[in-house]
Amino acid sequence: MKGTVLCTKKEDSVKLGKGHAFYRDTWAEVNLNAIENNVRAISRGLPAEAGFMAVVKANAYGHGAVDVARTALHAGASTLGVAILDEALALRHAGIEAPILVLGYVRPEDAPLAVRYNITLTVFQADWIKEAASQIKPGTGSLKCHLKVDTGMGRIGLRTEEEGDALAWEVKAHDGLFLLEGIYTHFATADEIDDAYIREQHSRFAHFLEWFKNRTGIKHPVVHSANSATALRYKDYAYTLVRVGISMYGLVPSEEIAGEITVPLEEAFSLHSRITHVKRLEKGEAVSYGATYRAEKSGEWIATIPIGYADGWIRANAAGGEVLVDGRRAPIVGRICMDQMMVKLPDKVERGTKVTLIGRQGSSMISADEVACRLGTINYEIPCMISYRVPRAIYRDGALVHLHNEVF
Ligand SMILES: *Cc1c(COP(=O)(O)O)cnc(C)c1O
C-alpha cells in the first residue's frame, strides 16, 4: 500500500471526498480488510448464541472509531462498546445507529444525553440511579442500562448482594425509567495461563446471576463477561455477547497466551514516514540532543525522519529501536526529538524513501508486539499512543477510502 496520496493538495483531496490532505509524510495505515477478517475469524470460533460487541473505545485503539465501527458491523458485530459518553456521541453524530454500550462511568447528570441518543450506560450504584432519575425529564424516554458486577477486577461494579438489592430497589422505584437490559462482569486474568483466578471470578458471576434473577425478578436478556482473551480461550464464558477489542485489531492479548491462539489474526495498523534528509558523517561526529551518538567510523549514512515524541513515538523507542528502509533494518541513533529523529542507514538512499516504523516492508516486519516489547509494555499501548497529529489513512481492498485525524 502506498502513502503517496497524502501528498495531494488540500483542494484535490477535498474534491476526491477523501478527507484532508496532510503536508508531512508521516502517517498510519489502517487495513479495514484485516479488521473485517479478524471479526469473522473470531466469530467463527464462538457459540452460535453469542453476539459480538466491537470495542471501539479510544478512537478504536487508535485505528479510527467510525471506520472500524462500520467495518465491524458489516462483518457481523451487533453492538459497539466505548469507554466514555463522548465516544458514544461521536459515533451517533457520524450516523451510526447500532446499539452502543458505554463501559465506563458516566455522570448521572449526563443520563438525559444517553436517553436522547439511545446510548446504553453501565450502572452499578443505587445512588447513581436515584440521581439520574431526577435528571431525566418525564416523558423523554427510558435509559437502557447494563448492570456491572465486580467479581474481582476491582475497578467498577457492585460487589455485594446488599448493593444489588439497593440498586434493584431504586430501579423499581422509578417504574420503567431504567431498562436493565444486560448484566456483565470483567475478568482480570483472562490473558494468563494460570486459570485459578478467572475460574473464581466466573463462579462468583454465575452465583450473582442466579441470586439476582431470584431476588429481583428483573430479566436480563444480555449477559456478558468475555474480552478478547476470554472469547478466544474460554468459549463457555461467552454467554450471549463477547466484548472484543485488541484481537479485532489483529493483536494477541498477551505474549503468555500467544502460543494458544489458533484463530488467524492480521495486524490492521502500520506506521510509516519518508526520509527528509540524508547525510554522511565523519568518525566522531554527533547526532541529536546531548550529542549522545557519535559516528563510529567515517562514512556513516544518517537519515532524518519526521516523527517524534509529539507524535507518540516516545523517546524510549531510541533504546534498541529500529525501522525498515527498503526492507532492511536501520537502528535509531541519538535521542528522539519532539518532531524528528535520526536513523543509521545500511547504505545511502534517496530523500523521500519510505520508512516503516510498524508494519511490513517486503519480507521484513516490525510488529506492534516488537515495539511493545522494546518499550516494556503491552501491544495495546502502541496504536493508542500514536497521537492524532499522525493522520490515519484508511484502506480497503488496497485502496485509500478515507484520510483523517482529529487535529487539523
Ligand atoms: C476494553 C474493554 C474490553 C476489550 O478488551 P480487549 O482485551 O481489548 O478485548 C472489554 N470489556 C471491557 C469492560 C473493557 O473495558
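**Helix faces and buried residues**

Visitor: Which residues are exposed on the other side of helix 7?
Guide: D127, K130 and S134 are exposed there. Exposed means over 50% relative accessible area, buried under 20%, and partly exposed in between, with a 1.4 Å probe and protein chains only. Helices are DSSP runs of H or I with at least four residues, strands are runs of E with at least two, and both are numbered from the N terminus.

Visitor: What kind of model is this?
Guide: This is a predicted model, in which local features need pLDDT of at least 70, side-chain atom pairs count only at pLDDT 80 or more, and totals for chains, interfaces and linings use all residues. Residues are numbered from 1 along each chain as its sequence is written, and side-chain values use heavy atoms, with hydrogens and water left out.

Visitor: Which residues of helix 7 are buried?
Guide: They are A126, W128, I129, A132 and A133.

Visitor: How do you know that the buried residues of helix 7 line one face?
Guide: Look down the axis. The buried residues fall within an arc of 155 degrees, so they line one face of helix 7. The arc is that of the directions from the helix axis to the C-beta atoms.

Visitor: What do the buried residues of helix 7 pack against?
Guide: Their partners include helix 6 (111–116), strand 5 (120–123) and helix 8 (161–173). Strand 7 (178–184) is also one of them.

Visitor: Why is A132 called buried?
Guide: A132 has 0% relative accessibility, so it counts as buried. Its place is in helix 7 (residues 126–135). Leaving aside neighbours within four places in sequence, A132 is in contact with P108, A111 and F178. Contact means heavy atoms within 4.5 Å. A132 and F178 are 46 residues apart in sequence, and their C-alpha atoms are 9.6 Å apart.

Visitor: What makes Q201 buried?
Guide: Its relative accessibility is 0%, so Q201 counts as buried. Q201 sits in helix 9 (residues 196–216). Beyond neighbours within four places in sequence, its contacts include T151, M153, H186 and F187.

Visitor: Which residues are buried in helix 11?
Guide: In helix 11 (residues 368–375), these are A368, V371, A372, R374 and L375. They cover an arc of only 160 degrees around the axis, which puts them on the same side of helix 11. They pack against strand 15 (322–325), strand 18 (354–361), strand 19 (364–366) and helix 12 (381–385).

Visitor: What comes just after helix 11?
Guide: G376, with a positive phi of about 70 degrees. N379 is in the loop between helix 11 and helix 12.

Visitor: Why does N379 count as buried?
Guide: N379 has 5% relative accessibility, so it counts as buried. Not counting residues up to four places away in sequence, N379 touches I246, L251, V252, A368, D369 and A372.

Visitor: How does the radius of gyration of the chain stand against the globule rule?
Guide: With 408 residues, a compact globule would have a radius near 22 Å; the chain has 24 Å, which agrees. The radius is taken over C-alpha atoms, and the rule is 2.2 Å times the number of residues to the power 0.38.

Visitor: How many helices and strands does the chain have?
Guide: There are 12 helices and 21 strands. Of the 408 residues, 53% count as buried. Among contacts between residues at least 6 apart in sequence, 67% join residues at least 24 apart.
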